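The following report describes the geometry and packing of one protein model. Please consult the sequence and the coordinates alongside the text.

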Amino acid sequence: MKIVGVRFKIAGKIYFFDPGENHVARGDKLVVETSRGLELGTAVSDIQDLPEEQIPHALKPIVRLATPEDVERAEANRRREKEAMAMCRQKIADHGLKMKLIDAECTFDNSKLLFYFTADGRVDFRELVKDLAGLFRTRIELRQVGVRDETKMIGGIGMCGRPLCCHKHLSNFLPVSIKMAKEQNLSLNPGKISGVCGRLMCCLTHEQETYEELNKTLPPIGALARDAQGVEGEVIHVNVLRQRVKVKVDTGENREVREYEASQLEFVGRGRRPRREENPAGLEELSRLEQLERQERQEQGGEARPPRREKPARQNRHQTGAEKPWAGGEARSGRGQKESAQGRPAGGHRQFGGGKNGGQQGGQGRSWSDKAAGRDRKRAFEGKDGHYGN
C-alpha cells in the first residue's frame with residue numbers, strides 16, 4: 001500500500017495519508033482531510049510502499065496538491081492569527097484572568113480558532129470564550145499546555161548555542177531522569193542540566209543509548225582490576241567515550257596511577273565504591289524537576305476545561321433534629337414558598353421520616369433548587385468537549 005508522511009508544523013508529529021493518484025514528492029504542499037477539517041501540510045517523504053499489515057488503521061486520502069490560492073489562504077490565516085493574539089491578550093486583561101497566552105492557530109478552512117495558554121492551575125475562561133466567539137464569529141478552543149510545550153512553540157537558543165531541540169526536530173517528548181545524567185558523568189547541578197523550560201534537558205536522551213552500551217564494558221569506580229602482568233589495583237576513573245580506565249596500583253614502596261584500555265584489564269572484584277560528593281540541595285531540586293515532569297506526562301492531554309461547580313453538600317439523614325438547619329421551624333424553598341419541616345427542606349436536601357412510609361414523607365424527587373443547580377451545571381458544560389461559540 002502506498003503512503004506518504006505529512007507534517008503540519010515545524011517539528012510536529014508526522015501523519016500518514018493515502019496519496020491515491022497524486023504524484024507527491026518530498027517538500028510538496030498538500031491539502032488533506034483531518035479530524036479538524038481541511039488542513040495544509042508539507043510532505044516529509046516521497047511515496048513509500050508498505051505491507052498493509054504494518055498499517056494500523058485505514059488512511060485518509062490526500063484531497064489535492066496545494067494550489068497558489070491555497071498557499072495564499074494559509075498566509076492570510078497566519079496574519080489573522082497575529083491579530084487574534086493581540087485581541088485575545090486584551091480580553092484576558094479585561095477579565096483579569098491569571099493565564100499566559102502562548103500561541104494562536106487558525107484552521108485552514110477558518111472553521112475554528114485555537115488559543116494555547118499556560119497557567120498555574122485551572123482557569124474559569126467561560127466568559128472569555130463567549131467574548132471571543134462573538135468577536136471572531138467562529139468556534140473557539142482554549143487549550144492549556146505545559147512548560148515544555150510552551151518552549152517548543154516559542155523556540156529559543158540553548159546553552160549549547162544552537163536552536164532548541166524541541167523546536168527544531170523533536171516531535172515527541174521523551175521521559176528524562178536524573179539517572180541519565182549520572183550515567184553520562186555529568187554534573188548534578190540543576191543549573192547545568194536544566195533547559196530553558198526549567199525541566200531536565202531533552203538532549204540527555206540523545207546519547208543515553210550509547211552510554212548504556214559503553215558502560216557495559218566498564219567497571220564502576222572502586223572496582224578491583226588486574227592487568228596482563230598480574231598487577232592489581234583500584235579503579236579511580238573511567239573515560240566512557242574513550243573506553244580507558246585509570247587504576248591506582250601499589251608497587252610496594254610507592255603508589256602510582258596507571259591508565260589502561262578497558263579491554264586490557266580483568267576485573268576481579270567490585271571493591272568498595274567511594275561515596276560521591278553530592279550537593280543535597282541540588283539533588284533535591286533535581287528530584288523536584290523529575291517529579292514535575294512525571295506529573296505532566298501523567299496528565300491527560302487535550303483541551304483545558306472550566307472547573308466543575310461544587311455540588312451542594314447533602315445533609316446526613318441520621319442527624320438529630322437539633323443539627324438539621326430546618327428542624328423546629330419552617331424552611332423557604334428556592335421559589336420563595338414556605339414548606340414545613342415534614343416536607344422537603346430548603347436548599348434541595350431530602351428529608352426522610354421514620355417507619356415504612358418514611359421515604360414518602362417528603363423527599364420524593366428533587367426540589368426546585370436541585371433542578372435549577374442541575375440546569376446551571378448543564379449550561380456551564382454545554383461544550384463538554386471544550387468547543388464553544390457558533
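Two strands count as paired if DSSP finds at least two bridges between them, and both helices (H or I, at least four residues) and strands (E, at least two) are DSSP runs, numbered from the N terminus. Within this pairing, K100 stands opposite T118 in β8, and L101 stands opposite F117 in β8. Strands of a sheet pair through backbone hydrogen bonds, either parallel or antiparallel.

The hairpin of β7 and β8 has five residues between the strands. N110 lies in this loop between β7 and β8, and its phi is near 60°, a positive value in a residue other than glycine. Most residues other than glycine have a negative phi. N110 counts as partly exposed because its relative accessibility is 32%; the classes are buried for under 20% relative accessible area, exposed for over 50%, and partly exposed in between (1.4 Å probe, protein chains only).

## Basis of the values

Residues are numbered from 1 along each chain as its sequence is written, and side-chain values use heavy atoms, with hydrogens and water left out. As the model is predicted, local features need pLDDT of at least 70 and side-chain atom pairs count only at pLDDT 80 or more, whereas totals for chains, interfaces and linings use all residues.

Contact means heavy atoms within 4.5 Å.

The buried residues of α2 (residues 126–136) are R126, L128, V129, L132, A133 and F136. Seen down the axis of α2, these residues fall within an arc of 155°, so they line one face of the helix; the arc is that of the directions from the helix axis to the C-beta atoms. An α-helix has 3.6 residues a turn, so residues three or four places apart point the same way. Just after α2, R137 takes a positive phi of about 55°.

## Nonpolar cores

A nonpolar core is a set of buried Ala, Val, Leu, Ile, Met, Phe, Trp, Tyr and Cys residues joined through side-chain atoms within 4.5 Å. The largest such core has 20 residues, of which F115 and I140 touch the most other members. At least two residues of this core come from each of α1 (68–95), β7, β8, α2 and β9. The most come from α2, which gives five residues. Apart from this core lies another, of 13 residues, including L218, V238, Y260 and L265.

R78 lies in helix α1 and counts as partly exposed, at 38% relative accessibility. R78 and C106 are 28 residues apart in sequence and 7.5 Å apart in space, C-alpha to C-alpha.

E290 is placed in helix α8 (residues 280–298) and is buried, with a relative accessible area of 17%. Not counting residues up to four places away in sequence, E290 touches V176, S177 and I178. E290 and R199 are 91 residues apart in sequence and 7.5 Å apart in space, C-alpha to C-alpha.

N185 lies in the loop between α5 (178–183) and α6 (190–193). Phi of N185 is near 55°, a positive value in a residue other than glycine, and N185 is partly exposed, with a relative accessible area of 46%.

## The protein as a whole

There are nine helices and 16 strands in the protein. Of its 390 residues, 34% count as buried. Among contacts between residues at least 6 apart in sequence, 58% join residues at least 24 apart.
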